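User: Please walk me through how to read a few features here.

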Amino acid sequence: MTDLELKKLKDDLWHAADVLRSGAHLAANKYGQPILGLIFLRYADILFKQHKREIEAEYAKLKGSRREKSRIEISIEKCGFSWVILPWPRGRRAVHGRSA
């Protein structure tokens, strides 16, 4: 990434943050909480995607053995957290992260 591209990215991110803050009617000192939450979710998503194949491979390898583990247990070992699929009202489904 060139310096010019990096500057444009930085400017775009600051503009997006300003738009989000103004639309949410949050004071500047209250704005950090939802943003930090979004940053964590993005980090968790990237980390989980990096380990997803390993998690599935280990689950398949251990399934049916004395050492069998759930996908959640393996996810916690690999990532430090697990994505859990929870039922959502009216037949919809939502994905929620659970910290270890």
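Analyst: Ser75 lies in helix α3 (residues 71-79). Helices (H or I, at least four residues) are DSSP runs, numbered from the N terminus. The model is predicted: local features need pLDDT of at least 70, side-chain atom pairs count only at pLDDT 80 or more, and totals for chains, interfaces and linings use all residues. Residues are numbered from 1 along each chain as its sequence is written, and side-chain values use heavy atoms, leaving out hydrogens and water.

User: Is Ser75 buried or exposed?

Analyst: Buried means under 20% relative accessible area, exposed over 50%, partly exposed in between (1.4 Å probe, protein chains only). Ser75 counts as buried because its relative accessibility is 3%. Contact means heavy atoms within 4.5 Å. Ser75 touches Phe48, Ile55, Gly80, Phe81 and Ser82, not counting residues up to four places away in sequence.

User: How many salt bridges are there?

Analyst: Side chains of opposite charge can pair when their charged atoms come close. The rule asks for a side-chain nitrogen of Lys or Arg within 4 Å of a carboxyl oxygen of Asp or Glu. The count is nine.

User: Which residue forms a salt bridge with Glu58?

Analyst: Lys78 does, with the closest N and O atoms 3.3 Å apart. This pair links distant parts of the chain: Glu58 is in helix α2, Lys78 in helix α3, 20 residues apart. Glu58 is buried, at 17% relative accessible area. Lys78 is partly exposed, at 30%.

User: What about Lys69 and Glu77?

Analyst: Their side chains also meet in a salt bridge, at 2.9 Å, N to O. Shared partners join Glu54, Glu58, Lys69, Glu77 and Lys78 into one network.

Note on methods. Helices (H or I, at least four residues) and strands (E, at least two) are DSSP runs, numbered from the N terminus.
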